[in-house]
Amino acid sequence: MSQSDVSAPVIELKNLSKFYGSFQALDDISLNVAAGERMVICGPSGSGKSTLIRCVNQLETHDSGQVIVNGIDVGKNRKALREVRTNVGMVFQQFNLFPHLTVLENLTLGPMRSRKMPKDKAVELAQHYLERVRIPEQADKYPSQLSGGQQQRVAIARSLCMEPKVMLFDEPTSALDPEMISEVLDVMVELAETGMTMMVVTHEMGFAKKVADTMVFMDAGKIVEQSTPAEFFSNPKTERGRLFLQQILQH
Amino acid sequence: MRKIPLQWAAFALIALSVLLTGCSDKLQWYVVSPATETGRANLLFMLGGLKYTLLLSITAIVISIIIGLLVALPGISKNPFARGFNRVYVEVVRAVPLLVLILWVYYGLPIMLGIAINVFWAGVVALALSDSAFEAEIFRAGIQSVDRGQIEASDSLGLGYIDRMRYIVLPQALRRVLPPLGNQLVYMLKMSSLVSVIGMEELTRRANELVTAEYRPLETYTILILEYLVLILVVSAGVRWLERRLEVKDGR
Ligand SMILES: Nc1ncnc2c1ncn2[C@@H]1O[C@H](COP(=O)(O)OP(=O)(O)OP(=O)(O)O)[C@@H](O)[C@H]1O
Ligand SMILES: [Mg+2]
């Protein structure tokens, strides 16, 4: 954020479309995420939320339109892709920690290999972020020795160790037992308070109300609504949005 | 788990001794009896082949693992030509009988290349080549068994292909393929006996030579079987030990 123009978005999606075979998973999506903005994306299962967020760091490639991250068009500029990925953190539903590495090694691998950071610096950084996610004492354990909530916090710390400009979350609490959800959400709320730019796919509407600047509601590969949480929750503009909220708030 | 090879060995030994006592009148153990001087000399002569059996098998398995890995990697590529190379290599190499490959490498290859090749290296090349096709399949399966999420996590950290393979995929794949790799090593130890046909002085060749000299095939080949049995049990135990060590390291 230091040098770049405040008004220039960190993520720009322009007329993005994506097909799986003949099935259209994303249909002409345009979206901007400004620096420091917290965007929450929701929508029914299969509406394309994961596909959308995974297009940002190109875990999925799009078929038409543009994905621009920090001013770099990642569709055109494949060589810059790795550079872009070091600036975009991602937290997965299934954690995807490296099971054969200790927590500390999980955290230092990215900085040491992608950012060529010396080991002692990387360890220092890792310890700092483990404290941020409140599990400094687990550094030498293996992921399988931790609870789900702890594993997800390690995964968040692993992404933060890359000191990214944006963090992407794809249903980070959906695979967790109910009693572990809040420990992960707490860490995410704190992260939001530091001013991190975040794009979060979640059905945790409490979290959305608390931190989101922008709500995006998707259905069938399209953005159906985009508004502030206050607007979206009190007065959804579309019938589909209203139905979705009814269903999700019933539980 | 740990007891199985021992029980199996005990069973095999009992079965063998029952079998042999059934024809005790035909047995003349003096040829290999540690109590007599010629017996001791004959035993030592047979055991002298152990060095080459080990050297052959270990050199060959190391080379075949390296070739196997290099052939497996194009097999999981997105490029259809790379995958095609993998398929052709595996299918062709796997189709050649090992004995035929040994003969071809020892008698044929020198003519083609115009260089001399000694018995040892002919054996190593044939064993390694033949085994590499199986290693390639083992590695391909091992690499493909690594969860997609691992690759996505490594991509999202900005790791390149080499780092991803070296730090994420191969270490996990290797742990999973250790049991089949152990199998291949056992297989290799046994198959190295075929190199005796071109004159390699390993265990089987030594036994053959002793039989020619002493005319006691039953006793000599029984000892030969025991030699392989003990050797392979020791190697299996070693592989199991390695597996357990890696499991402990994962904290599972
Ligand atoms: N690899 C794939 N191959 C074929 N179809 C796919 C693939 N990945 C996703 N899809 C389809 O694309 C659509 C959007 O999938 P996506 O995972 O983005 O949905 P989602 O909104 O994240 O759903 P969920 O809430 O269940 O995670 C779905 O209909 C899905 O079946
Ligand atoms: Mg999803």
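This passage describes the interface between chain A and chain B, and then a surface patch on chain B, in a predicted model.

The size of an interface is often given as the accessible area lost when the parts come together. Between chain A and chain B about 2,100 Å² is buried, with 53% of this area on carbon and sulfur atoms. On the side of chain A, A:F98, A:H100 and A:R113 account for 28% of the area that the chain buries against chain B, which is more than any other three residues supply. In terms of contacts, the interface brings 23 residues of chain A together with 24 residues of chain B.

Polar interactions were also identified across this interface, where eleven residue pairs, both members at pLDDT 80 or more, are in polar contact. The elements α2 (81-86), β6 (88-91) and α3 (103-114) of chain A each contribute at least two residues to the side of chain A that touches chain B, and α3(A) gives the most to that side, with four residues. The rule finds two salt bridges between chain A and chain B; the side chains of B:E152 and A:R54 meet in a salt bridge with an N to O distance of 2.7 Å.

On chain B, a nonpolar patch on the surface is formed by B:I58, B:V62, B:I66 and B:L70, which together have about 380 Å² of accessible area. Of these residues, B:I58 is located in helix α3 of chain B, which spans residues 50-75.

Definitions and conventions: Residues numbered from 1 in each chain as written. Chains lettered and ligands numbered in written order. Predicted model: local features only at pLDDT ≥ 70, side-chain atom pairs only at ≥ 80, totals over all residues. Heavy atoms only, no water. Patch = residues over 30% accessible without salt bridge, like charges linked within 9 Å, V, L, I, M, F, W, Y side chains within 5 Å. Areas by Shrake-Rupley, 256 points an atom, 1.4 Å probe, with all protein chains shown as cover. Salt bridge = Lys/Arg side-chain N within 4 Å of Asp/Glu carboxyl O. Contact = heavy atoms within 4.5 Å. Buried area = accessible area lost by both parts, 1.4 Å probe. Polar contact = N/O pair within 3.5 Å; in protein donor to acceptor, adjacent residues only side chain to side chain.
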